[in-house]
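Have the sequence and the 3D view open as you read.

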Amino acid sequence: MPNPKIMTRGNIILSLSLILTLTFFSLSCSTSDTRPSGLMCELLENPQTTEIYDTTPEFSWIFNAKTPGSQQSAYCIQVATDNKFSNAADIWDSGKTESTQSSNIEYAGTLLSPGNTYYWRVKAWDDQDNELKYSKAQAFTLSDQAGDQYKTTRYPLQTTPVAIDRIVYRNDGTIFLDFGLDAFGTLQLAFKKVNQPQTLVIALGEKLKTPDRIDQKPDGNIRYREIQVEINPKTSIYTLTIPPDKRNTREHAILMPEYTGEVLPFRYAEIRSAKSEIDTSQTRMLTVHYPFNDNASFFESADPVINAVWDLCKYSIKATSFCGVYVDGDRERVPYEADAYINQLGHYCVDREYSMARYSHEYLIENPTWPTEWILHSVLMAWADYMYTGNTESIQHYYNDLKAKSLMVLARKDGLISTTTGLVTDDVLKSIHFDGNMRDIVDWPPGSFTEGGTGERDNFEMTDYNTVVNAFHYQTLVIMSNIAAALNKTDEAKQFADQAKKVKTAFNKIFINKKLGIYKDGESTNHSALHANMVPLAFNMVPEEYLPTVVEFIKSRGMACSVYGSQYLLEALYNAGEDDYALWLMTNDSDRSWPHMINNVGTTITLEAWDWKYKNNLDWNHAWGAAPANIIPRYLVGVQPLEPGFSKILIKPQVGDLEFGMATVPTIKGPVKIKFEQIVDESLTLNLEIPNNTTAQVWLPSFNNQTAEFKVDGNITTGELAGKFIKTEITGNKTLKISKK
């Protein structure tokens with residue numbers, strides 16, 4: 001369906017469907033099927049659709065049990081050449097292995113042969129040592145090149161037909177088609193009967209001029225294309241061949257595979273001067289995207305505005321996966337690290353899918369782009385991969401590359417880095433696989449993209465030692481310390497941690513304007529932009545005494561950043577407990593907002609910029625504008641991995657003034673389900689369903705109580721006070737309620 005205009009927050013009408021959804025949303029008390037489910041081989045839920053390159057693949061599953069909250073005590077993995085295991089496990093039988101681990105178990109049987117297909121299954125024991133049934137068998141096939149070198153397996157792209165949502169027969173003989181949502185693909189055109197040969201002109205586009213007419217001259221890089229098609233009586237179904245665009249098929253662009261052919265982003269089609277009646281039952285938009293489970297995630301609340309923002313951003317992650325690698329949109333189809341990082345976080349939150357993110361991240365390690373901060377983003381991507389999967393293969397293989405990407409080699413004595421002081425040598429560029437001119441970006445675009453505009457940097461003043469760059473550098477050092485520790489590189493973990501501490505000390509000494517209590521843009525300026533303050537706050541760098549003034553300054557600037565910058569602005573606000581303001585930023589109707597994209601622009605995929613006037617060559621299909629796809633699950637609902645692979649889950653909801661809502665957040669351990677209801681500033685009730693074989697650390701608002709008391713399933717209990725929150729740990733399905741005393 002086309003996106004309807006969303007209601008304002010001041011005029012919320014709770015629909016019957018939402019009431020029914022909430023009524024029937026219940027947390028299961030038990031499960032009748034205790035077999036392991038959600039099997040993964042090499043982090044793939046459907047490995048049978050592709051080929052595996054690792055001769056010692058890792059196996060993962062979701063542990064199911066009769067009692068919610070059960071912990072796995074042991075497992076047994078079997079691998080065979082027969083899907084019915086008629087000859088038992090003729091390749092490998094792990095035997096009963098005492099372990100709580102249910103993900104990333106490495107194959108340890110006889111050598112697997114490239115080109116062969118195998119089947120694996122697993123059974124488990126619960127914490128009462130009850131033996132549960134075997135899972136269904138899952139097939140996987142080794143590539144002929146398996147074992148030759150490290151390589152991340154990914155799926156082939158998928159083509160999905162989409163039916164016509166709206167059709168208009170215009171008086172000029174043109175047939176107008178609306179497919180409801182913008183997508184990358186082509187058009188399958190079917191006719192009931194063709195009496196004579198004819199040449200048709202088919203127009204495809206993303207933007208309307210009138211309600212039933214495509215805009216033939218859209219602004220920027222919004223797509224419009226006319227294609228001629230020859231039809232004849234011998235053929236009734238035609239698939240349009242999209243001519244390649246020179247701009248997005250040149251060097252560094254990701255090319256479409258032959259089996260899908262070229263694609264174009266469009267929502268609307270016009271068939272001009274057709275003398276034959278089209279068959280609407282077979283005329284389809286053929287969309288191309290990475291395999292996607294639409295039911296893996298869910299979010300709905302009392303506010304239709306934030307619901308519509310979530311729907312827009314979730315769909316954007318799916319629609320922009322058309323290359324099988326995270327790219328910047330249709331204009332260039334080039335991967336960029338910052339784009340890919342926002343894609344990655346969003347993809348993890350909307351689907352239980354990790355292969356496209358890892359493949360994109362590893363591609364960018366060896367094919368980096370020019371901005372200093374983008375180089376640093378590779379370290380952030382590596383850490384997200386590890387935290388969401390618990391798998392160390394990638395960080396192990398690329399460890400030395402990640403060390404180089406931290407750019408510690410550019411540091412002066414106090415630890416701060418610069419790319420303009422002569423330290424960026426050929427050897428440095430070679431170490432990060434880059435051949436070009438690395439330079440700082442802060443945000444994009446600058447003012448030059450729009451006549452008379454200031455760009456998206458909030459007038460940030462570039463200096464040799466840049467606040468934003470050094471905040472990202474600090475974060476990479478913290479992460480590199482954690483990565484080194486995960487790989488048991490104890491000495492290097494300490495070195496990175498010590499360097500991070502050194503950088504933070506210098507950062508706060510040099511960049512804070514102590515008179516104003518906010519950060520300057522750099523060492524040699526007194527100007528303070530939004531970016532210079534939001535990024536340090538997002539990375540928890542702000543000393544406690546400066547938190548109030550930094551937060552106040554950030555809130556005074558509004559959304560004075562790009563759709564990319566909004567990722568860090570929103571993270572900063574949630575880190576500071578400013579969930580009311582963060583929610584307002586995501587739901588207000590200014591021209592720098594997602595509701596503006598939906599209501600005023602009319603897009604169904606997030607834009608590259610807030611609107612044309614902020615970037616005059618923008619496209620309408622850019623997932624770096626989809627920050628709420630990860631911000632809503634990770635911060636508003638509050639679900640993040642506290643330990644790698646969700647061995648422990650953080651649940652810290654910050655729901656602003658939303659009266660109720662519910663969400664399903666996918667994890668490698670299984671879905672986390674949450675329902676919340678609140679009386680603002682008075683009480684909060686959480687119904688939680690936590691996957692088996694994991695625990696959750698839950699943070700509840702304390703409502704300024706003097707005690708840490710709250711209720712679990714109606715019984716009073718006590719947690720641990722942590723600032724404005726109360727912490728507790730739970731397993732299984734629980735109802736938690738806290739009220740103001």
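## Salt bridges across the chain

The side chains of R170 and E270 form a salt bridge, at 3.1 Å from N to O. A salt bridge here is a side-chain nitrogen of Lys or Arg within 4 Å of a carboxyl oxygen of Asp or Glu. R170 sits in the loop between β10 (166-169) and β11 (175-190), while E270 belongs to strand β17 (residues 264-272), so this pair ties together parts that are 100 residues apart in sequence. Strands (E, at least two residues) and helices (H or I, at least four) are DSSP runs, numbered from the N terminus.

A word on the source: this is a predicted model, where local features need pLDDT of at least 70 and side-chain atom pairs count only at pLDDT 80 or more, while totals for chains, interfaces and linings use all residues. Residues are numbered from 1 along each chain as its sequence is written, and side-chain values use heavy atoms, with hydrogens and water left out.

| Pair | N to O distance |
|---|---|
| R333 and E262 | 2.6 Å |
| R592 and E456 | 2.7 Å |

R592 lies in the loop between α14 (579-587) and α15 (594-601) and E456 in the loop between α8 (426-431) and α9 (467-486), so their bridge joins parts 136 residues apart in sequence. R592 is buried at 15% relative accessibility, and E456 is buried at 1%. R333 is buried too, with a relative accessible area of 2%, and E262 is buried with 16%.

In total, the structure holds 35 salt bridges.

Methods. Buried means under 20% relative accessible area, exposed over 50%, partly exposed in between (1.4 Å probe, protein chains only).
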